[in-house]
Amino acid sequence: MSANPAPTTRAGAYWRAGAIALMLLLAVGIAAGISMFEQFVAQIHDLQQKVQKTAQLQYVAVLLDDKGEPAMLVTQMAGENVLQLQRLNAVLEGREDSMQLWALPTSGTPASLGVVQSTIKTPRLEIGEQALTNASRLAISVESRGGVPQSQGPRLPYLFSGALVRKAL
């Protein structure tokens with residue numbers, strides 16, 4: 001007897017072609033998945049760098065007037081020894097007066113942070129590195145032109161005051 005090869009059927013060829021097509025489709029899917037993952041990792045890295053470069057608020061305070069209306073916004077960016085003030089109302093000091101900013105600790109005496117310039121809508125005050133460390137509130141008093149020395153202390157009552165919030169970085 002001679003060995004006859006098994007007859008090939010059309011169904012076997014279709015199965016073979018289908019398997020090859022599915023393997024190609026699987027390879028394309030895996031390649032696309034790896035590419036998308038690498039793009040995702042690159043985007044995360046890019047966003048992390050942008051967040052590190054973006055200035056972050058370290059301290060913020062909204063000082064309120066005697067009616068409870070916002071009068072002054074005080075902010076400090078992380079890593080800077082400068083307070084940025086923004087007037088939120090139209091109150092200005094008189095010719096012979098100055099507005100002086102004070103850091104109020106929970107206990108102890110107020111510390112002067114400087115005199116607010118009346119001619120500037122958003123003045124900046126240079127402060128010491130530890131100026132706000134023990135402060136729980138900020139306040140503005142009206143003082144004689146040029147402000148008063150630290151030893152004299154602020155004139156009361158305060159014109160504006162508000163809680164100082166340290167933002168978690």
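This passage describes the overall form of a predicted protein model and then some of its individual residues.

In the predicted model, the protein is built from one helix and eight strands, and these elements follow one another from the N terminus in the order α-β-β-β-β-β-β-β-β. The radius of gyration is 34 Å, well over the 15 Å that the globule rule gives for 169 residues, so the protein is more spread out than a compact globule. The C-alpha trace, when described along its principal axes, spans about 125 × 30 × 25 Å.

Of the 169 residues of the protein, 24% count as buried. The accessible surface comes to about 11800 Å², and carbon and sulfur atoms contribute 60% of this area.

A search of the whole structure finds one salt bridge, which is formed by aspartate 46 and lysine 50, with the closest N and O atoms 3.6 Å apart. This pair counts as a salt bridge because the definition asks for a side-chain nitrogen of Lys or Arg within 4 Å of a carboxyl oxygen of Asp or Glu. Both aspartate 46 and lysine 50 belong to helix H1, which covers residues 10–53, and the two are four residues apart, about one turn of the helix. Aspartate 46 has a relative accessible area of 36% and is therefore partly exposed, while lysine 50, at 48% relative accessibility, also counts as partly exposed.

Among the strands, S1 (residues 57–64) contains valine 62, a residue that is partly exposed, with a relative accessible area of 39%. Once the neighbours within four places in sequence are left aside, valine 62 is in contact with Pro70, Met72 and Leu73, and also with Ser161, Gly162 and Ala163. Isoleucine 44 is 18 residues away from valine 62 along the chain, and the C-alpha atoms of the two are separated by 34 Å.

Strand S4, which comprises residues 97–105, holds alanine 103. At 3% relative accessibility, alanine 103 counts as buried, because buried means a relative accessible area under 20%. Residues up to four places away in sequence not being counted, alanine 103 touches Pro110, Ala111, Leu113, Ala131, Leu132, Ala135, Arg137 and Leu138. The C-alpha atom of alanine 103 is separated by 9.9 Å from that of glycine 114, a residue 11 positions away along the chain.

The loop between strand S7 (135–144) and strand S8 (160–166) includes glutamine 152, and glycine 147 is likewise found in the loop between S7 and S8. Glutamine 152 has a relative accessibility of 55% and therefore counts as exposed, since the term applies to values over 50%. Between glutamine 152 and alanine 103 there are 14 Å in space, C-alpha to C-alpha, although the two are 49 residues apart in sequence. For glycine 147, the contacts that remain when neighbours within four places in sequence are left aside are with Ser98, Gln100 and Val115. Glycine 147 and glycine 33, in turn, are 114 residues apart along the chain, and a distance of 66 Å separates their C-alpha atoms.

Technical notes. Residues are numbered from 1 along each chain as its sequence is written. This is a predicted model: local features need pLDDT of at least 70, side-chain atom pairs count only at pLDDT 80 or more; totals for chains, interfaces and linings use all residues. Side-chain values use heavy atoms; hydrogens and water are left out. Buried means under 20% relative accessible area, exposed over 50%, partly exposed in between (1.4 Å probe, protein chains only). The radius of gyration is taken over C-alpha atoms; the globule rule is 2.2 Å times the number of residues to the power 0.38. Accessible areas come from the Shrake-Rupley method with a 1.4 Å probe; for residues, only the protein chains shown count as cover. Contact means heavy atoms within 4.5 Å.
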